[in-house]
Amino acid sequence: MAVGTAEIYGKSYNFSEKGIWDGAADYSEAAIALTLEKRLSDEDFGGVYVNKGAVVVMTVNEDAVLKVVEKYRKKFAPIIIKKCEYSAKQLEAVRKELGDNMKKHGISAIGTEIMKNRVVVNVKEVNCELRAYLDNIDYSGCVEIEEGEIIACDD
């Protein structure tokens, strides 16, 4: 049983003589990231992640994000704002489009790489039909092919 101040996973917690936690603790970076993700408009931010003890907020609209981030910056972990090209809403639209057409285009997996601000797809091969499809979807610049043999196409 913990009594007094105890460090758990690098954070300090206070416990009474009976081992009852006082409810106060440092917010973890992950909790702050989740809170910011809920508070930010998916049209303004491109994702939130934790990197080396700092919360990184990707954004297409620095002014809108800064208004939300400032109150958390003063109380909790270091928060870095990083400019990105695509919003969370745009990334999700691309993920949905790709998800709706996975079978048709031989896409085996779809993921989001927040740090790169990209939607990542895995395919067995990148043929001419898939390349044309990817080039013509909205925000096609955010799609990155992670795996797959590339077939030469006549352009």
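Predicted model: local features only at pLDDT ≥ 70, side-chain atom pairs only at ≥ 80, totals over all residues.

Biologist: How many bridges join strand β4 to β5?

Modeller: Six bridges join β4 (residues 45–51) to β5, and the two strands run antiparallel. The hairpin they form has two residues between the strands, and K52 there takes a positive phi near 55°.

Biologist: And which way does β5 run relative to strand β6, parallel or antiparallel?

Modeller: Parallel: five bridges join β5 to β6 (residues 79–83). Look for V57, which stands opposite I81 in β6.

Biologist: How should I read the side chains of a strand?

Modeller: In a regular strand, side chains alternate between the two faces of the sheet. Here A54, V56 and M58 point one way from β5, while V55, V57 and T59 point the other way.

Biologist: Are those β5 residues buried or exposed?

Modeller: Both sets are buried. With six of the six residues of β5 (residues 54–59) buried, the strand is largely enclosed by the rest of the structure.

Biologist: Now a helix. Which residues of α1 are buried?

Modeller: In α1 (residues 29–39), they are E29, I32, A33 and L36. Viewed down the axis of α1, the buried residues fall within an arc of 100°, so they line one face of the helix. On the other side of α1, L34 and K38 are exposed.

Biologist: What about cores?

Modeller: In soluble globular proteins, nonpolar side chains tend to be buried together. In this model the largest nonpolar core has 15 residues, of which V94, L98, C142 and V143 touch the most other members. Helix α3 (88–100), strand β8 and helix α5 (128–136) each supply at least two residues of this core. The largest share, four residues, comes from β8.

Biologist: Which residues does V94 touch?

Modeller: Beyond four places away in sequence, V94 touches V119, I137, D138, Y139, C142 and V143. Apart from this core lies another, of 13 residues, among them L40, V68, V69 and Y72.

Notes
Residues numbered from 1 in each chain as written. Heavy atoms only, no water. Buried < 20%, exposed > 50% of the residue type's maximum accessible area, 1.4 Å probe, protein only. Arc of directions from axis to C-beta. Core = buried A, V, L, I, M, F, W, Y, C linked by side-chain atoms within 4.5 Å. Contact = heavy atoms within 4.5 Å. Pairing = 2+ DSSP bridges.
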